[in-house]
Amino acid sequence: MVVALRIQDPLYLVDTSGAEWTFQAIKVVGMTSTPDSVIVTHDGMIAVSSYAASEAVRLFEFNVDWRTAPTLHLVAQSTDANKFGACCVCLEDPFDFILVCDIMADRVVRFERQWVWSDETDDPEALVENLVIQGFHRPCGLALLAENQMAVTEWGKTRVSICILEGQPVFSFDPGCDCPRGICLDFGHNLLVTDYNGNSLRVFDLLKLQSIKQSGHITNDAVSYTHLTLPTKRIV
């Protein structure tokens, strides 16, 4: 497992095979500082988003002896990284595109991986922006859902928005916390949302949320549902 700690520059390789987990700092060649999130792509590459300006998201691969001296080498970066400010979570969609939250620009940006045939760079690939999804307010969390949809936490509006991967809205809901940040979907169709300010984890039944939406109580432009009893299953 690879872990990013924004307050520290290195990533960490975590061995979870034993009763006690062990940590090793990873040397990262090709990223300045402030990694925010990290994912493993379908072909084993490591995508890392950066909260530092002008880095966006970058693609790395491990060295051969990664178990004893883990090092990540740069494979691809954005062709126009200066356009980006602080970037939060990233994910890979079913079509091998990489999406990242450009939080202060209120947008989610999608990148396509393209091979590079140039003497001007040593990177074998490039990340080329091919879609910008606007209309969010401080997006900071992404989760892949079924039917080519995704969930986006919006820290600035205290809401979670469901949209298709190309950006068209489906519905939104108020998660009942001031600062929703991280989000994921578990194997039981539960949508888990971290309450950053409340130090808690809120769990919603996604199927029940969808049924509420179909009943007409939730509209695409809604911001708050304090009049509804949302199907929160538990608060950890």
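Predicted model: local features only at pLDDT ≥ 70, side-chain atom pairs only at ≥ 80, totals over all residues.

Residues are numbered from 1 along each chain as its sequence is written, and side-chain values use heavy atoms, with hydrogens and water left out. The protein chain comes to 1 helix and 19 strands; helices (H or I, at least four residues) and strands (E, at least two) are DSSP runs, numbered from the N terminus.

**The chain as a whole**

- The protein chain has 236 residues, and 48% of them count as buried; buried means under 20% relative accessible area, exposed means over 50%, and partly exposed is in between (1.4 Å probe, protein chains only).
- Take the contacts (heavy atoms within 4.5 Å) between residues at least 6 apart in sequence: 46% of them join residues at least 24 apart.
- The accessible surface of the protein chain is about 11900 Å², and 52% of that belongs to carbon and sulfur atoms. Such areas come from the Shrake-Rupley method with a 1.4 Å probe, and for residues only the protein chains shown count as cover.

**The second largest pocket**

- The second largest pocket has a volume of about 190 Å³. On a 1 Å grid over the protein atoms alone, a pocket is an open set of points where a 1.4 Å probe fits, with protein on both sides within 12 Å along at least five of seven lines. Grid points are joined across faces, edges and corners, and the volume is the space filled by probe spheres set on the points.
- Its lining residues (those with an atom within 4 Å of a point) include V38, I39, C90, E92, L144 and C184.
- Four strands each supply at least two lining residues: β4 (35–40), β8 (87–92), β12 (139–145) and β16 (180–185). Of these, β8 gives the most, with 4 residues.
- By class, the lining has 11 nonpolar, no polar and 1 charged residues. Here Ala, Val, Leu, Ile, Met, Phe, Trp, Tyr, Cys and Pro count as nonpolar, Asp, Glu, Lys and Arg as charged, and the others, Gly among them, as polar.

**Cysteines**

- How many disulfides does the structure hold? The count is 0, where a disulfide is a pair of cysteine sulfur atoms within 2.5 Å.
- For C87, the closest cysteine sulfur is in C88, 7.6 Å away, so that is too far for a bond.
- C87 is buried, with a relative accessible area of 0%, whereas C184 is partly exposed at 38%.

**Two buried valines**

- V109 lies in strand β10 (residues 107–115) and counts as buried at 0% relative accessibility.
- Leaving out residues up to four places away in sequence, V109 touches F84, I98, L99, V100, D102, E129, L131 and V132.
- V109 and Q134 are 25 residues apart in sequence, and their C-alpha atoms are 8.7 Å apart in space.
- V14 sits in strand β2 (residues 11–15) and also counts as buried, at 3% relative accessibility.
- Under that rule about neighbours in sequence, V14 touches M1, V3, W21, T22 and F23. V14 is 13 residues along the chain from M1, with 5.0 Å between their C-alpha atoms.

**Loop residues to look at**

- Most residues other than glycine have a negative phi.
- D106 is not a glycine, yet has a positive phi of about 55°; look for D106 in the loop between β9 (98–102) and β10.
- E147 is not a glycine either and has a positive phi of about 55°. You'll find E147 in the loop between β12 and β13 (149–154), where it is exposed, with a relative accessible area of 68%.
- D80 belongs to the loop between β7 (71–77) and β8. Is D80 buried or partly exposed? It is partly exposed, with a relative accessible area of 37%.
- D80 and V128 are 48 residues apart along the chain, with 8.0 Å between their C-alpha atoms.
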